[in-house]
Amino acid sequence: MATTKNIPENTANAPANLSPLNCYGTPPEAITRREINREPTPRAKRIRDLYFDTKSSTSVEFPYWYTRRWMELEGEIPIIRRAEALKCAFSRLTPSIFPEELLVMGKTNYLRGSYPMPWLSESYFMAAEDKMYQEAVKAGKLSADTVTKWGKGGGNVTQSAGNVLSIAGKFGLRKEELPMLMEIARMWKDQSVEDVGHKYEQLVPGYKTKEAIMRSVICMFDSGYTLPQGREVINYYYPLQYGIDGIIEFCRKQTEAVAGYPDMDRLYFYQAVIIAMEGIRQWFLNYAAEAKELSRTETDAAQKKEYDAIAERMEWLSSKPPRDFHDALQMCWSYHVAVLNEDCISGLSPGRLGQVLYPWWKKDMDEKKLTRERTIELLECMRMKFTELDCFASMGVVGGVLSGNTFNNLCLGGLTKDGQDASNELELLLLETGMSCATPQPTLSVLYDEKTSEELLMKAVECTKIGTGYPAWVSNQTALNFIMKNYAAEGMTVEEARAWSIGGCLETSAGSWMPLTLSGNGRTYYIPGGSGPATSVGVHFVSTPKILELVLFDGVDQRTKERVFPPHGFALNTYQEVWEAFQKYFSETVKVLCLCNNIQHDAWRKITPPVINSMLKPDCLNKGKDIGQMGSRYNATFNIEVCGSVNLVNALASLKKNVYEERHFTLDELKTALTNNFGFQTAEETGSYSLTEQKKTGDYMKWASVHSRCLQAPKYGNDDPYADDIFKTWEQWFCAMCHDYKSLYDREMYACQISVSTHGAMGAVTMATPDGRLAGTTFADGSVSAYPGTDTNGPYALFNSATCWDHSASQNSQLNMKIHPSVVKGREGSRKFLELIRSYLRKGGFHVQFNIVDSRMLRDAQANPDKYRGLLVRVAGFTQYWVELGKPIQDEVIARTEYEEL
Amino acid sequence: MNSVHKDCANYTAVDVFKGHCRRLKEIKMADETGCECFTPARMCKFCSHYTSREEFLGLCMEHAVVYPDLPAKTCADFLRKSDG
């Protein structure tokens, strides 16, 4: 059996003077490139080249018109006021069409544009001008911002230059727009969701503890005003089936049916939808007009023809449902942007788009109106549009949590309504274009079922091998079990559960089958789409190692020296007392965060009710209720999310073994060692955030023995019952306790376990931990990934550890693995790789994903970012450009154990 | 008139630094001086309804606060200044 080894420092082609890398097995001498490299079509390549040279840009245009109209309508019914503001903003948004685009529309006039939504939160901008910044820090609102570092390369505007201001080291804003942005921010002061929510959350008993929790970064952010929607699956059904005319006509009829009758909110909802749709219609027409204008001045005949086609298509879709595949794809994209422009959203997933679009595609292919080549060109253009998306939120959220990603997850496979393999030929082309046009968005996931076709699975393996990090591999069966457990009370059936998909990076989301009738062939297709609201809501993210730190130091944060919790009252004389004290602090944290979060979301639904997303989500239109009024078919979507669980488990194992069982040292001796960071410099001092690259101080030998024992203690990921029993105890307790808390909608909450990028930011503020991890270094990623370098018994041992608990008790689990490209080379390598994936999912694992990469290449990329603008890596539930990741996350990805054999 | 590329009707902004000149079919830097074909874009600062109040802020039709660089391509009330 192979064992984990360190790659020698001076391997051929590897930079010298670097610390060793974590490997299971022995890597080849030379750096190995990925086996498969594909190129996009010439059109998509030119669009991608332009994207590579484009900076993330923010515009005030949409918030200006939204705010101007909102302020004009004081006293109006809130949802009508909201719809009018949206209508005004969409109608006014400047249309931009870039050369060779086949799909048009974006969030702003910029190629990679975004904008702030001060109606959600304005303090971020006010902070730059007056004393609110200090007040906000005091209130615990922005503490995460102060510990977040951005990637320096790629499309981030990291520094102000000329007439461009850098906001949060990420977004560029034209200097001419800053005064207006500040004017708008001032208009929303005391009226934004953040300010109103903050006013009332202070009435929650224990609110002071909540403030201390946020300052301590035990919790990463408030979702109510930062990302109030998202990590959900959009539903394109209504516009695809009825078009704007049909939706407005339906709402007019419903208006007549409900006007004057009890439950009057329905009247206002239908009116709001009509108003918003009028804005969307004008938005389409503005693009049609722009295309006509471009055609008028265009000298190139081919480009002129394309502009004419865009104009005709946008004019048609401004009122009617799509006629063909190109129309349908444009329609889906347009509504995707429309929802993203309505609210600050991270993780609006297109879901099973290949199955949604299949009816049009098949019809066009059968009628010889479409070719495979044209499909690929269109799908590559779609990839570019999704990749151009940006989300403007605060530094702490966009950088520390999201790593600049927008999490549009496109899923493949799964089952049909009647339980058969749902994969189709269009999904094969989606995988093909995921390879040829490798970009972060949309990321892909395979909903693996025993019935999934071998052809799709092998294509997906080929795609995984290309090294983009997608598709992720997800168990259909485990997800169905989760869906039934959590939504049966709301009427979910096994048949409908099959319509599920991933929302965001890895959030199992309820769906439904909608009957689509295609004009022309009269056939009815049942297409899957999201039927539940956001799962980005609830208690997000709780740092479990940080809570353990507070347990060991009786409620006092060792970074800020502030008391967060009252003394827990345990002497910590036994391991059981440590565990009970942890449960106590963790429960206190969840309780106060849950209550405050419910208030923030109540403010959100009252001030900025979602109109467009509600129109799309079954059954809001039928009920006449928006999402905030539980118009969705399924509403139990609030969750409790944790980070750092593997470090928690390893730390508990070390405590149990070293302090309480074998008594190698006392708890006080361990605490002293932790306080002194085991004699190492801090991560901030070294500028590196992985355990392998830390530097010793002169006092190292004082703590070497303790540190050695901590490192040698049993570790999760090795099929070792000692650590795995602790892991199982934690998971069973955590997944069960979530159901003790209720959401705003009076539904039980559930566990959610993904790290996104919080393992970097939260690790940065956490002292050394009893598992030997050093202060400030990044936690283990995901939720069932081993801590880098500690999984020494190979992948199957890791699988046994990861599946020692029931994954369907949680919305997700997340396993990231790094495999050297040479291991999966060739057809035989692909087969072996698929069997590896299968074995994990068959054991009950929910999710696994891979970086197929030579770690030495990542090091080279870190040293020479200019050579690697297009390099993609898988972080947690998402793929991102290497150069746009913060250094803590880069260090963590490099440090992950690299498997040299399976 | 500050005739830089970003104020030209032929300019489509790609990002805050640069844009695409539809006439020349090439990328131009936003703040560089425009060419002889410069044609003022539809922006509030080129509209007769706009009055300047302070740097980067003004009024639209004497009542609504607005900023001079606000695009007006979609504004039905845009009325080009005689010198714009």
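At what angle do helix H22 and helix H25 of chain A pack, and how far apart are their axes? Before the answer, some ground rules. This is a predicted model, in which local features need pLDDT of at least 70 and side-chain atom pairs count only at pLDDT 80 or more, while totals for chains, interfaces and linings use all residues. Residues are numbered from 1 along each chain as its sequence is written, chains are lettered from A and ligands numbered from 1 in the order in which they are written, and side-chain values use heavy atoms, with hydrogens and water left out. Helices (H or I, at least four residues) and strands (E, at least two) are DSSP runs, numbered from the N terminus.

Two packed helices are described by the angle between their axes and the distance between the axes. Here an axis is a line fitted to C-alpha atoms, for helices over the stretch in contact, and angles run from 0 to 180 degrees between N-to-C directions. H22(A), residues 575–607, and H25(A), residues 645–661, pack at about 150°, with their axes 10 Å apart. H22(A) is therefore roughly antiparallel to H25(A); angles under 35 degrees count as roughly parallel, over 145 as roughly antiparallel, 65 to 115 as roughly perpendicular and the rest as oblique. Contact (heavy atoms within 4.5 Å) is made by A:Tyr575, A:Val578, A:Trp579 and A:Phe582 on H22(A), and by A:Leu648, A:Leu652, A:Leu655, A:Lys656 and A:Tyr660 on H25(A). Eight of these residues are nonpolar, none is polar and one is charged. In this scheme Ala, Val, Leu, Ile, Met, Phe, Trp, Tyr, Cys and Pro count as nonpolar, Asp, Glu, Lys and Arg as charged, and the others, Gly among them, as polar.

A second pair is H15(A) with H17(A), whose axes are 9 Å apart and meet at an angle of about 60°. That angle makes H15(A) oblique to H17(A). Their contact includes A:Ile376 and A:Leu379 of H15(A), and A:Leu429 and A:Thr433 of H17(A). By class, this contact has six nonpolar, four polar and four charged residues.

H15(A) itself covers residues 372–387, and at 1.5 Å a residue its 16 residues should span 22 Å, which agrees with the 22 Å between its end C-alpha atoms. The expected span is 1.5 Å times one less than the number of residues. Of the 16 residues, 13 are buried, so H15(A) is largely enclosed by the rest of the structure. Buried means under 20% relative accessible area, exposed over 50%, and partly exposed in between (1.4 Å probe, protein chains only).

Next come some backbone exceptions. Most residues other than glycine have a negative phi, and most peptide bonds are trans. A cis peptide bond joins A:Gln441 to A:Pro442, with omega about -15°; A:Pro442 sits in the loop between H17 and strand S10 of chain A. Another cis bond joins A:Tyr470 and A:Pro471, with omega about 0°, and A:Pro471 lies in the loop between H18 and strand S11 of chain A.

A:Lys561 is not a glycine, yet has a positive phi of about 65°. Its relative accessibility of 55% makes A:Lys561 exposed. A:Phe678 also has a positive phi, about 50°, but at 0% relative accessibility A:Phe678 is buried.

In chain B, B:Arg53 belongs to strand S4, residues 50–54. At 42% relative accessibility B:Arg53 counts as partly exposed. Leaving out residues up to four places away in sequence, B:Arg53 touches A:Glu183, B:Gly58 and B:Val65.
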